[in-house]
Amino acid sequence: MKKFLATFAFMLFAMHPAYADIIWAVAGPYTGSVAALGLSQQSGVKQAVEDINAAGGVNGQKITLKIYDDACDPKQAVAVANKIVTDNIHLVLHGSCSAASLAAQKTYMDEGTLVINPTSSNPKITDEGGSHLFRAMYRDDNAAVVLANEINKNYAGKKLAILHDKSAYGQGIAEYVRSNLNKAEFKETLFEAYDPGNHDYSSLVTRLREKGIEVLFMGLSS
């Protein structure tokens, strides 16, 4: 991580040599249901910045890190992106849920902000991004090939249910897995969404039993 960030620090300095201070932003879910993921990532970024500064910074200049919480919420992620742009910050590590990352991405791309996204896996991060967006996570469509191959290899002929939580990640990975399985002539018995906020899944369990489901694949964001 430290070498990765240091490389981008030099890139950023070359792009904006007139700035006296080097300010980076790190945005992610530091509250909410996936706060543990965001806080772990934030800790790593802080350590990398400390190490770079201890080694003399970038061209002798120290890095200041500003932290923004998007709570894995698309609306909040857009507000965070606008605040980062308003704060005149040109490098942001935006590692959040795919839905939040996608919602904020256009703002960053329109403003020419250099973005490193270390965690979001939705293919649209790349497909709808620009030349100044860099991802460090695999794409869901690639992961789905591996998942579908394993399901087909181990459970061919079984009754399969594919469920998802309607999130950008959960629904996306479920649809990619289904598509790859169908290409291999493995047709699922059931494909549908469920409400992750529901505390009573008895009706869903009953439905799975009635369908004789033997294998269950779930796409969920947390």
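The following legends describe close-up views of a predicted model.

**View 1. The five-stranded open sheet.** Five strands form an open sheet in the order β2-β1-β3-β4-β5, and their pairing is parallel. From one strand to the next, the twist averages 20 degrees. Seven bridges connect β1 (residues 22-28) with β2 in the parallel sense. Among the bridged residues, Gly-28 has Asp-69 of β2 as its partner.

View 2. Helix α4 (residues 98-111) lies across β3, β4 (114-117) and β5. Relative to β3, helix α4 runs at about 170 degrees.

**View 3. The disulfide between Cys-72 and Cys-97.** The structure holds one disulfide. Its partners are Cys-72 and Cys-97, with their sulfur atoms 1.7 Å apart. The S-S torsion is about -115 degrees, and the disulfide is therefore left-handed. Cys-72 belongs to the loop between β2 and α3 (74-86), whereas Cys-97 belongs to the loop between β3 and α4, so the pair ties together parts that are 25 residues apart in sequence.

**View 4. The largest pocket.** The largest pocket holds about 310 Å³ of space. It is lined by 19 residues, of which Ser-96, Cys-97, Ser-98, Tyr-169 and Ser-221 are the closest to its centre. Cys-97, one of these residues, is also a partner in the disulfide with Cys-72. Helices α4 and α7 (168-183) each contribute at least two residues to the lining. By residue class, the lining comprises eleven nonpolar, seven polar and one charged.

**View 5. The three-stranded open sheet.** A further open sheet has three strands in the order β7-β6-β8, with parallel pairing. Its edge strands, β7 (190-193) and β8 (215-219), each pair on one side only. Neighbouring strands are turned against each other by 15 degrees on average, direction ignored. Strand β6 (residues 160-164) runs parallel to β7, and four bridges join the two. Within this pairing, Leu-190 of β7 is the bridge partner of Ala-161.

**View 6. Helices packed on the three-stranded sheet.** Helix α7 lies across β6, β7 and β8, and runs at about 155 degrees to β6. Helix α8 (residues 202-210) also packs on the sheet, where it touches β6 and β7. The direction of α8 makes about 170 degrees with that of β7.

Definitions and conventions: Residues numbered from 1 in each chain as written. Predicted model: local features only at pLDDT ≥ 70, side-chain atom pairs only at ≥ 80, totals over all residues. Heavy atoms only, no water. Pairing = 2+ DSSP bridges. Axes fitted to C-alpha atoms, helices over the stretch in contact; angles between N-to-C directions. Contact = heavy atoms within 4.5 Å. 1 Å grid on protein atoms, 1.4 Å probe; cavity = no way out; pocket = protein on both sides within 12 Å on 5 of 7 lines; lining within 4 Å. Points joined across faces, edges and corners; volume = space filled by probe spheres on them. Nonpolar A, V, L, I, M, F, W, Y, C, P; charged D, E, K, R; others polar. Disulfide = S-S within 2.5 Å.
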